[in-house]
Amino acid sequence: MITTNAYAAFNQKDPLGPFQFERRNPGPSDVHIEILYCGVCHSDLHQVRNEWNGLSIYPMVPGHEIVGKVLSVGSEVKKFKKGDLAAVGVMIDSCRTCKPCHQQMEQYCVEGMTGTYNTYERGTKTIAQGGYSADIVTDERYVYQISKKLDPAAVAPLLCAGITTYSPLRFAKVGKGTKVGVVGLGGLGHMGVKFAASFGAEVTLISTTPSKQKDAERLGAHHFLLSTDPAQMTKFDSYFDVILNTISANHDYEKYLNLLDLEGKMMVVGLPSEDPKISPFSLIKNRRTVTGSMIGGTRETQEMLDYCAEKNIVADVEVIPVQKINEAYERMVRNDVRYRFVIDLKTL
Ligand code: NAP
Ligand code: ZN
Ligand code: ZN
């Protein structure tokens with residue numbers, strides 16, 4: 001076994017603190033990775049604080065935006081060798097035999113994908129632990145190649161915030177001429193703005209925070225819509241083809257649904273604790289659709305990383321020592337993330 005240092009949550013109330021646990025020895029198809037950077041996703045906070053239907057398992061080492069360097073590989077590993085850069089995202093396993101798995105959309109595995117943490121390693125009673133840690137052992141199918149050209153700290157958030165916005169925008173065929181509204185300028189939202197703009201769409205950032213307007217424009221948005229101003233919201237009534245909803249807190253979905261034009265789609269990726277209330281009258285108007293989207297599969301995640309390398313797209317990050325994680329969570333709750341915290345694991 002490998003003894004690994006980490007930061008963990010021990011229950012839903014107390015601050016995260018130092019923790020040590022055992023990882024499995026690498027098997028023939030495993031890659032053992034020294035973690036350099038790990039992004040801080042709002043999903044980490046939701047799970048640490050047990051905000052999703054009491055599904056949290058403790059002790060919990062969060063973190064699913066992982067970038068590191070390969071320490072060793074098993075005898076059957078083909079894609080990696082010692083010293084390569086490598087990345088792990090939100091998923092570390094799936095059944096590998098169902099239809100979505102065959103299509104490399106393993107996030108929709110009929111048996112349920114295995115998350116990187118807050119679950120058990122497939123077929124075992126071992127708690128899977130995430131990337132706020134020194135190293136990780138993962139089957140190579142769920143490990144990605146990343147370009148040496150990009151800053152590895154700024155690449156880390158692509159593994160969740162990146163793919164979670166890339167996938168629904170591609171699914172909705174966003175391109176030149178599409179009017180896209182991105183709701184919420186946080187980790188996901190800022191990647192959504194970058195991708196939608198790079199696909200050629202007309203992009204509007206829909207935000208509750210007036211001070212984010214300048215950043216939205218710098219990131220590629222053409223318009224800024226302050227959602228707390230009813231007069232501005234009325235101006236954009238029935239305007240958008242696609243709305244990417246990244247809001248992390250409970251909110252009124254109808255307010256944003258009413259911004260959709262004929263056959264417009266709201267792609268929901270944000271995961272607040274309460275279920276949405278949606279009136280059928282808002283849906284029948286303009287024949288609107290509400291769609292959800294979960295991260296992306298292994299094929300699309302690698303495609304997204306290659307696209308980012310080609311177009312020079314990375315996240316805007318604030319690198320923090322692991323000891324600042326509790327403070328980072330408090331700032332995240334106050335919508336004060338510009339635009340993704342990334343832990344430097346050297347500080348562990
Ligand atoms: P984040 O960085 O905290 O950003 C969330 C943004 O939502 C905030 O910056 C804020 O933007 C906006 N917001 C917060 N409270 C709001 C409210 N009451 N009303 C309206 N807007 C509000 O979070 P994140 O890491 O991007 O994650 C966003 C959500 O996506 C989380 O719920 C997370 O769990 C979920 N998620 C889902 C998937 C998936 O596969 N579907 C993957 C990753 C994350 P403004 O200041 O601009 O208003
Ligand atoms: Zn995430
Ligand atoms: Zn499957």
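In this tour, buried means under 20% relative accessible area, exposed over 50%, and partly exposed in between (1.4 Å probe, protein chains only). This is a predicted model, where local features need pLDDT of at least 70 and side-chain atom pairs count only at pLDDT 80 or more, while totals for chains, interfaces and linings use all residues. Residues are numbered from 1 along each chain as its sequence is written, chains are lettered from A and ligands numbered from 1 in the order in which they are written, and side-chain values use heavy atoms, with hydrogens and water left out.

**Stop 1: the zinc ion**

Select ligand 2, a zinc ion, together with Cys 41 (SG), His 64 (NE2) and Cys 160 (SG), its protein donors at 2.0 to 2.2 Å. Donors here are N, O and S atoms within 2.8 Å of the metal (3.2 Å for Na, K and Ca); water is not among the atoms, so sites may look incomplete. Along the chain, the donors are spaced C-x22-H-x95-C. Cys 41 sits in the loop between strand 3 (30-39) and helix 1 (42-48), and Cys 160 in the loop between helix 3 (152-155) and helix 4 (161-171), so the pair ties together parts that are 119 residues apart in sequence. Helices (H or I, at least four residues) and strands (E, at least two) are DSSP runs, numbered from the N terminus. Are these two cysteines, Cys 41 and Cys 160, buried or exposed? Both are buried.

**Stop 2: helix 4**

Now colour helix 4, where nine of the 11 residues are buried. Among them are Ile 163, Tyr 166 and Leu 169. The buried residues of helix 4 pack against several elements, including helix 5 (187-198), strand 16 (260-268) and helix 10; contact means heavy atoms within 4.5 Å. Just after helix 4, look for Lys 173, with a positive phi of about 55°.

**Stop 3: helix 11**

Next, select residues 325-333, which form helix 11, and show its buried residues Ile 325, Ala 328, Tyr 329, Arg 331 and Met 332. Viewed down the helix 11 axis, they fall within an arc of 165°, so they line one face of the helix; the arc is that of the directions from the helix axis to the C-beta atoms. Strand 1 (2-8) and helix 1 are among their packing partners.

**Stop 4**

Most residues other than glycine have a negative phi, and most peptide bonds are trans. Zoom in on the bond from Tyr 58 to Pro 59, which is cis, with omega near -5°. Another cis bond joins Arg 338 and Tyr 339, with omega about -10°. Finish at Arg 96, whose phi is positive at about 70°.
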